[in-house]
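Have the sequence at hand as you read.

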Amino acid sequence: MRVSIKLKFSLFLGLLLILAISVLSYFVLRGVERNELTQAEASLAQHVKTVNLRVKQTYYTGVRLPPQQFLQRRGRELAAELAGFTGLEVTLYDAQGEQAGTSVQREPAQGSAVAADALAYALQNKIAYQNAGDKLLYLAPLQGPEGQMGVVQLQYSLKSAQSFQQTLRNLFLTTGAAVLLLSFITGYLYFNRAASAISRLKKAAESIRRTEYISSPPLTRRDELGELAEGIYFMSKEIERSIAAKDEEQRKLQLAVTKLQALEQQQKQYIGNISHEFKTPLTSIKAYVDLLNMYDDDPKLLLEAKTNIAKESDRLYEMVDKVLQLTALEKYDFESQAESFEVAEGLRDICGRMNGKAERFGLTITLEAEPAQIWIDKESFMHIFINLIDNAIKYNVPQGAVHLRSEVREGRVWITISDTGIGIPAEARDKIFEPFYTVNRDRSRASGGTGLGLSLVRNLVEKQNGTIVLLETEGEGSAFQLSFPVMV
């Protein structure tokens, strides 16, 4: 069953009005009830004062009797007299809870039962009241010369209050029904206008679906429907432009295919580089094994073969280890344990570890670091900067230097590592982070380089939400700049 939007809106408005009127009626009636109860309590409290004053006056002016006997003898007379003073029905009880006198001609059994619980409470020198049909039973301590001598019960009629509350209820019902009906009719007429505008928007959308693009907004209004009409108009224009740009998208697709082919070629080159790099140490090892088979009694050859085979084995092991690390970083989520890390302390620790190697080559390491906290895996941080400092030492010149600087700006920690070494030629700057790429293959082989260190460093930096770039330097040497977000 299809229900129009104007009817839905009208029904929703009606429900809101019913809710508002119901809540308003509830709180107004509750407020009136509480106000009348408060006024009744104040009036009854004043009557209790009058009763106590009159009882004390009668007690002191007559023959002195114990309070119990006094109430039993004078109770009925006092109840009738007090009823005349207060205008209310009065009942007096002694300290034992026995009725001493009442002005009520005939008290219903239910009323007595209802008052019994309140009576026991009032005998503890406390005020109690309880509803009994259309009456309010108010029980208060009756004070004697030496404290409480009994209880006075005042019977307050609630008929006028209940009648007033019923009148208010009827008024809310009639007024609410009239307001609801009038609002429903007004809302239906108003929403009918909005529904007509929505219908025009629907027709415009249908035209666009049939590729009949609109030349102007379907309606002009200064509200959300007007904004929607503008949006549909601009959407129509955008669809037209999108279809017109189909050839451009095809060109981009062709470009993507070309890039995929280039990536495939890069992958083949990567496999070729791995094969070539692994073949070189294996060839050297095989050559020495063949020589040992031929001249196994030559001590000099034996020593040279052991040294070179060990050296090539270490280089082969290092390449395999770095290839495995690089593959794990590129294919799988790197399992790291990030934590809050102090950059300056970490860099000082790393420089201390690398000082021994630097001194063997006659180099000095200096550090300028500002305190800063970052969120990073500690082992990855150590691996990154040990690798970079190790490269700065390997490819430096005698009596050279390695300098580290750390500073905080723009919400990031910027760390620069510069050296006075052989530098990196301009033609090699774009390839320096590629796996197995080395600037000078002979020098890298002599220093034990595999061409995987910087590729691994870049992957580790990016996994920690950082960046690394090779800076342009004036003269000799090279400089790398890394950045990581500061921990707030």
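The term salt bridge is used here for a side-chain nitrogen of Lys or Arg within 4 Å of a carboxyl oxygen of Asp or Glu. Side chains of opposite charge can pair when their charged atoms come close.

Before going further, a word on what you are looking at. This is a predicted model, in which local features need pLDDT of at least 70 and side-chain atom pairs count only at pLDDT 80 or more, while totals for chains, interfaces and linings use all residues. Residues are numbered from 1 along each chain as its sequence is written, and side-chain values use heavy atoms, with hydrogens and water left out.

Strands (E, at least two residues) and helices (H or I, at least four) are DSSP runs, numbered from the N terminus.

How open to the outside are these side chains? E407 is partly exposed, at 23% relative accessible area. Through salt bridges that share partners, E368, R405, E407 and R409 are joined into one network. R405 is partly exposed at 35%, and E368 is partly exposed at 40%. On this scale, buried means under 20% relative accessible area, exposed means over 50%, and partly exposed lies in between (1.4 Å probe, protein chains only).

How many salt bridges does a search of the whole structure find? The count is nine. One of them joins the side chains of E81 and R54, at 2.4 Å from N to O. This pair links distant parts of the chain, 27 residues apart, with E81 in helix 2 (residues 67–86) and R54 in helix 1 (residues 5–61). E81 is partly exposed at 21%, and R54 is partly exposed at 23%.

Our last stop is N459, in helix 11 (residues 453–463). Is N459 buried or exposed? With 10% relative accessibility, N459 counts as buried. The N459 side chain reaches the backbone oxygen of S455 at 2.8 Å.

Technical notes
A polar contact is a pair of N or O atoms within 3.5 Å; within protein, one must be able to donate a hydrogen and the other to accept it, and residues adjacent in sequence count only if both atoms are side-chain atoms.
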